Amino acid sequence: MKDQAENLRRRLEARQNQTMARTIAVLSGKGGVGKSNFSLNFSISLSKRGKRVLLFDMDIGMGNIDILIGGHAPYSIIDFFENGCSLEEIITVGPGDISIITGGTGLMNLFSLDEEKYARFNEEFSSLMKNYDYILFDMGAGITHDSMKFLLCVDELVVITTPEPTSITDAYSAMKYIHSINKEIPCFLVCNRVFTSKEGKETLKRLQNAFLKFLDFETVGLGYLPDDRTVSKAVSKQIPFILFNAEAAVSKAIMDIATRYANHSFGERLTLPKSHFLRNVKKYFLGK
């Protein structure tokens, strides 16, 4: 156990010298666990702490972020790849001063980068990474062969689950698949829709123990969010719940999670490795 903790610390070093944005993929084993709601409100929570955040909607064809904020962005990533727009041009300003790039309905083009598309993406994304502290990718539910390549590129993963047995099993299966290809990528766990603190803690511990026992893989429990009616009310109003009611239990909980994440308050000093996102994109998409 001590060796595993040492390995995790080594994998999570050098953040204080990091000058490029951290790239984070938010995923779940299945749909309906509140992944996009977490991505949006977590992004705003980080922004409230003075961080520069770009949220990239990767939920193919669904446009969940647009729905949650009650807007429709004039441009999407498709306009970058097919219509000659720059990445800067397709960014829209979202609630809470976050930046947003929507996915559009033809996002599969992103998963077939050729040399020309990669060169353009690399040049422009390199500039973007200097303008933000965090770039979050809200992934679609589940994992496909194509989205797996993208998941392998990011600096770290945040896996969303709920206390439901099927959700826990699906989250474990998703991480088992990723771990079979990349055993080094840091992984954080968040449990959504818990009825008690005990339920949240036990769900996270159950998953962490399963990863450790069967995959020899140490994860970090980032926290849990209560099952709060504020969320459904905010969704119906198409307002992020942290802005709808900052005093709600779920809003305070996600601010706590953002604070713990940004400060690395995990009971011991943890830092993250230098970002290699663009290098990984070249590796996994072009095989170089």
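I began with Arg52 and Asp133, whose side chains meet in a salt bridge with an N to O distance of 3.1 Å. Arg52 sits in the loop between helix H2 (35–48) and strand S2 (53–58), and Asp133 in the loop between helix H6 (115–129) and strand S5 (134–139), so this pair ties together parts that are 81 residues apart in sequence. The model I am reading is a predicted one.

I then looked up the accessibility of both partners. Arg52 has a relative accessible area of 40% and is partly exposed. Asp133, at 24% relative accessibility, also counts as partly exposed; I noted that buried would require a value under 20%.

Next I asked how many salt bridges the structure holds. The count is five, and I followed up some of them.

One of these joins the side chains of Glu156 and Arg22, again at 3.1 Å from N to O. I placed Glu156 in strand S6 (residues 156–161) and Arg22 in strand S1 (residues 22–28), so the bridge ties together parts that are 134 residues apart in sequence. Are these two residues buried or exposed? Glu156 has 0% relative accessibility and counts as buried. Arg22 is at 2% and counts as buried.

I also checked Lys252 and Glu247, which form a salt bridge through their side chains at 3.6 Å, N to O. Lys252 is partly exposed, with a relative accessible area of 43%. Glu247 has 58% and is exposed, because the class begins over 50%.

I turned to helix packing. Two packed helices are described by the angle between their axes and the distance between those axes. For helix H8 (residues 165–179) and helix H9 (residues 197–215) I recorded an angle of about 35 degrees and axes 11 Å apart. The handedness of the H8 and H9 crossing is right-handed.

Which residues make the contact? On the H8 side I listed Ile168, Ala171, Tyr172, Met175, Lys176 and His179. On the H9 side I listed Thr203, Arg206, Leu207, Ala210, Phe211, Phe214 and Leu215. Sorted by class, the contact of H8 with H9 has nine nonpolar residues, two polar ones and two charged ones.

Terms used: Residues numbered from 1 in each chain as written. Predicted model: local features only at pLDDT ≥ 70, side-chain atom pairs only at ≥ 80, totals over all residues. Heavy atoms only, no water. Axes fitted to C-alpha atoms, helices over the stretch in contact; angles between N-to-C directions. Helix = DSSP H or I, 4+ residues; strand = E, 2+ residues; numbered from the N terminus. Left-handed = near helix turned anticlockwise from the far one by under 90°. Contact = heavy atoms within 4.5 Å. Nonpolar A, V, L, I, M, F, W, Y, C, P; charged D, E, K, R; others polar. Salt bridge = Lys/Arg side-chain N within 4 Å of Asp/Glu carboxyl O. Buried < 20%, exposed > 50% of the residue type's maximum accessible area, 1.4 Å probe, protein only.
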